[in-house]
Structure formats: C-alpha cells, structure tokens
Amino acid sequence: MENWYQISVQDNGKGMQELEQLKIFDPFYTTKRNQGGIGLGLPIVFNLVTQKLGGSIRCTSVAEQGTCFQIKIPVEGKIGRSYLSWQRWC
C-alpha cells in the first residue's frame, strides 16, 4: 500500500467556466494574453507533479464561487526515496 501526501489549495475567487477547466493544463492556454500571461505556469506544475513526482493534480471550479487544486504525490518518490528525507530539491 502506498502512502500519499495530499495538498489542497482553494480560493473564493471568480472561478472558471467548464471550458476553461478543460484547457488549463494545455501549454500556452491563457485568459490573460494581453496582460502578460503566457500560459505555461499550470502546464509546468502538471508535468512536475505527474512526470517527475509520480503524482496527480486535479482542479475543480465553480464560476463565481472559486477554484480548488488538489495535488497528490507518493511519500516514496519515483527513485524510492522519501521526499521528506531530501534536504533540498534543487
């Protein structure tokens, strides 16, 4: 049986429409193109969590009510060491 760390981050902001939720992890998707956004932040997080850490990330959102991100990563990393035992990741 695997042990997991679970991190949840939630806000009470404007939330997202369903179509936006389907695209948020796509590279270069942004709703703020003319305001400096390039659409790489969430795709980078997605790849780190799923590919490097062997975990999962999920987003749920309700328009005008907020958004919640749930990240789940195994206690034992892909190379068999506990993430808690690492002094630094960089």
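Student: In which element does phenylalanine 69 lie?

Tutor: In this predicted model, phenylalanine 69 belongs to strand 3. Leaving aside neighbours within four places in sequence, phenylalanine 69 is in contact with Ile7, Ser8, Val9, Ile24, Phe25, Leu42, Ile57, Arg58 and Cys59. The C-alpha atoms of phenylalanine 69 and glutamine 10 are separated by 6.4 Å, although these residues are 59 apart along the chain.

Student: Which residues make up the largest nonpolar core?

Tutor: The general idea is that nonpolar side chains tend to be buried together in soluble globular proteins. Here, the largest nonpolar core has 9 residues in all: Met16, Ile24, Phe25, Val49, Leu53, Ile57, Cys59, Ile71 and Ile73. Strand 2 (56–62) and strand 3 (66–74) are the elements that give two or more residues to this core.

Student: With which residues is isoleucine 57 in contact, leaving aside its neighbours within four places in sequence?

Tutor: Isoleucine 57 is in contact with Phe25, Val45, Phe46, Val49, Phe69, Gln70 and Ile71.

Student: Why does asparagine 47 count as partly exposed?

Tutor: Partly exposed covers the range between under 20% (buried) and over 50% (exposed). Asparagine 47 counts as partly exposed because its relative accessibility is 34%. The residue is placed in helix 2 (residues 41–52), and its C-alpha is 9.1 Å from that of phenylalanine 25, 22 residues apart in sequence.

Student: How is the span of helix 2 to be read?

Tutor: One compares the span with that expected at 1.5 Å a residue. Helix 2, with 12 residues, reaches 16 Å from its first C-alpha to its last, close to the expected 16 Å. Just after helix 2, glycine 54 takes a positive phi of about 70 degrees.

Notes. Residues numbered from 1 in each chain as written. Predicted model: local features only at pLDDT ≥ 70, side-chain atom pairs only at ≥ 80, totals over all residues. Heavy atoms only, no water. Core = buried A, V, L, I, M, F, W, Y, C linked by side-chain atoms within 4.5 Å. Buried < 20%, exposed > 50% of the residue type's maximum accessible area, 1.4 Å probe, protein only. Helix = DSSP H or I, 4+ residues; strand = E, 2+ residues; numbered from the N terminus. Contact = heavy atoms within 4.5 Å. Expected span 1.5 Å × (residues − 1).
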